[in-house]
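Keep the model open beside you as you go.

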Amino acid sequence: MGTWGTGISSNDVYEDINYEFFELYNQGMKVSEITEKLINENKDLIDSYEDQNNFWITIAKSQWECKALDPKIYNRIKHMVESGNDIELWKELEASKSDLTKRQKVLNNFLEKISTEKKTARKPKSKKLRGAIFEKGDCLVFKLSDADYCGAFVLESEKETEFGLNLIAVTNIKKTEKPNKEDFENAQVLFGLEQFGKTDFRPKEKISWYFAQYFKKAETKFEKVGQLEVDRRYFSSKDYQGFSNWDNLKLYQDSYYSDLEKNKCNVNVPLTNLRMKNGRKSDSNSLWQKVKTKFNL
């Protein structure tokens, strides 16, 4: 469950389903058809104990925006809120008392909001072309909660596309003083352990795509400290099929370094390998083969 806050939209499920819903809506598809399509294509989320609530909340919110809230969906949300089902889930995930209080307030406000029909339906929008926030090769630094600096590197920058995506690799840079260009020249890609099952933890490179339209909402402050050459091309349609929230760059590393002994895995992939054509093949499958060989997976 990729969640970074108590808000209705503060989770990966909302971002993915909300985007898909209005992508189809903007193409002229009816709300009922969109809903049926998303339900049929997301059985994994619906069957997931941790993700199903966020899925139905997103569907309800999207339908309400279009002034087409299905009574059955509304009743599902009403039961979820009034039964305390969602709060029980958050308790099981060991949410703090403060977050439980905030979440309950968010749910109550949401139910109250969708209980009144929206005055006007959201109008379909034509696609807006965007440019990525950062340039290819930018060396970015930002501060963690312990005040140390960390480094992230921009591998790709889309121009005049629907999402204006940046492909960003998290590096192993962590310093008290502000990192410089030379630190990035010698940096390695950061790998962490990712859970694939109850007892199955595997090393995974921290490389994801980031949307231009969500940058302004990020609380993390990024600073460019240099630029390095990148003569590889990356494509969001096939390379590193992970998409993330800008603040996750900081949240992930806060979590990673809070228990370094538990999270650290000794996979050494120089950032140069992903920058230069004469480095090793840089797609995700190639790196994963390297990891599987090293860890006998």
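**Ring pairs, step by step**

Start with Tyr210: its relative accessible area is 4%, so the residue is buried (under 20% relative accessible area; exposed is over 50%, partly exposed in between, with a 1.4 Å probe and protein chains only). This is a predicted model, where local features need pLDDT of at least 70, side-chain atom pairs count only at pLDDT 80 or more, and totals for chains, interfaces and linings use all residues. Residues are numbered from 1 along each chain as its sequence is written, and side-chain values use heavy atoms, leaving out hydrogens and water.

**Exercise 1.** Find out whether Trp246 is buried or exposed, and classify the aromatic pair of Tyr210 and Trp246.

*Solution.* 
- Trp246 has 1% relative accessibility, so Trp246 is buried.
- Rings of Phe, Tyr and Trp (its six-membered ring) pair if their centres lie within 6.5 Å; planes under 30 degrees apart are stacked, over 60 edge-to-face, and the rest tilted.
- The structure holds 18 aromatic pairs.
- With 5.1 Å centre to centre and 40° between the planes, Tyr210 and Trp246 form a tilted pair.
- Ring pairs also link these two into a cluster with Phe134, Phe142, Phe215 and Phe222.

**Exercise 2.** Work out which charged end sits over the ring of Trp56, and which over the ring of Tyr257.

*Solution.* 
- The criterion is NZ of Lys or CZ of Arg within 6 Å of the ring centre and within 35 degrees of the ring normal.
- For Trp56, the charged end belongs to Arg76, 4.1 Å from the ring centre.
- For Tyr257, Lys174 provides the charged end, 5.1 Å from the ring centre.
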